[in-house]
Amino acid sequence: MEPTEPLPESIDQAEVDAAVGFARRIEDNIRRAVKVKDDVLRHVVVTLLAEGHILVEDYPGVGKTALARALSRSLDCQFARVQCTADLLPADIVGANVYNQREARFEFRPGPIFANVVLVDEINRASPKTQSGLLECMQERHVTVDVHSHELATPFMVFATQNPVEYEGTYPLPEAQVDRFMVRLSLGYPNPEDEAGMLAGHEGGDRVLDLEPVVDRAEVLSAQHAATRVHASRALRDYIVSLLRHTRADNRVELGASPRAGLMLLRAAKAHALVNGRDHALPDDVQALAPAVLSHRIMLVPEAAGVAREQVVADAVAGTPAL
């Protein structure tokens with residue numbers, strides 16, 4: 001007999017409704033201070049529920065840091081900011097053992113990574129050694145210092161920003177580091193109406209500082225737990241695998257989407273279904289998240305110069321039938 005799949009814990013309609021309200025409160029609160037496209041804002045909330053990390057890559061001055069700050073102020077959780085520079089050390093992020101002379105022993109002093117939401121600003125200005133200090137934190141949710149492991153806070157999210165057009169004094173993120181981010185987002189320039197409204201709204205000061213928390217830590221954890229229990233059928237998982245295999249078979253691609261990319265896409269799709277009021281994920285959820293989740297995880301062959309990775313993902317979605 002073939003092994004049967006374990007039945008997932010069910011999710012009731014009250015939890016679905018609570019998650020929808022949770023997402024709406026955060027999105028409405030952020031919009032009070034930051035003008036951002038609806039799909040980008042929805043991706044931010046989905047990533048929070050899916051327990052992922054966010055990389056925002058865009059030009060200076062479009063609101064990358066403001067979006068991270070607005071998210072953190074919307075949550076009644078601990079926030080920390082790391083401003084990356086070339087001389088930043090791993091211990092400046094994860095912490096270090098410090099000798100306590102009074103007690104004649106070493107004690108661990110945690111770094112900013114132990115907050116719930118950690119803004120890593122201009123991450124590509126940190127050295128590769130410092131960037132590597134984030135790998136264990138983002139994947140395994142704990143830090144090892146002098147052979148001792150220290151658990152990170154829950155919930156935990158890294159919100160990193162980088163400027164894609166400035167290369168002086170920067171260190172490109174290695175593929176292993178980029179792969180730790182569930183989504184890579186780009187904000188783009190606002191439309192004229194939103195930009196004019198932003199000028200009017202911010203001329204008196206920083207609107208982000210006026211934001212108050214709209215959800216607490218317990219609500220975040222509850223919504224995250226609900227997202228894990230959204231139903232994903234065998235057919236949906238097979239669809240995601242077919243989508244990944246399509247990226248690997250593309251002759252423009254040197255390195256296709258990995259199994260971890262598929263896991264990230266499934267988790268994001270379930271969270272997307274939840275905030276849209278459903279207790280089950282659909283191919284529509286996968287397709288909505290695929291560009292943000294998969295594009296930064298594929299490498300193109302040198303001959304494909306000028307081809308956008310987003311186009312490769314779009315072609316994979318178009319060429320993979322939903323079962």
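User: Is Arg184 buried or exposed?

Analyst: Buried means under 20% relative accessible area, exposed over 50%, and partly exposed in between (1.4 Å probe, protein chains only). Arg184 has a relative accessible area of 16%, so Arg184 is buried. This is a predicted model: local features need pLDDT of at least 70, side-chain atom pairs count only at pLDDT 80 or more, and totals for chains, interfaces and linings use all residues. Residues are numbered from 1 along each chain as its sequence is written, and side-chain values use heavy atoms, leaving out hydrogens and water.

User: Which side chain meets Arg184 in a salt bridge?

Analyst: A salt bridge is a side-chain nitrogen of Lys or Arg within 4 Å of a carboxyl oxygen of Asp or Glu. Here Arg184 pairs with Glu57 at 3.5 Å, N to O. Glu57 lies in strand β1 (residues 54-57) and Arg184 in strand β10 (residues 183-185), so the pair ties together parts 127 residues apart in sequence. Strands (E, at least two residues) are DSSP runs, as are helices (H or I, at least four), numbered from the N terminus. Glu57 is partly exposed, at 22% relative accessibility.

User: What joins the side chains of Gln162 and Glu57?

Analyst: A polar contact is a pair of N or O atoms within 3.5 Å; within protein, one must be able to donate a hydrogen and the other to accept it, and residues adjacent in sequence count only if both atoms are side-chain atoms. The one between Gln162 and Glu57 is 2.5 Å. Gln162 sits in strand β9 (residues 157-162) and is buried at 8%.

User: How many salt bridges does the whole structure have?

Analyst: The search finds 17.
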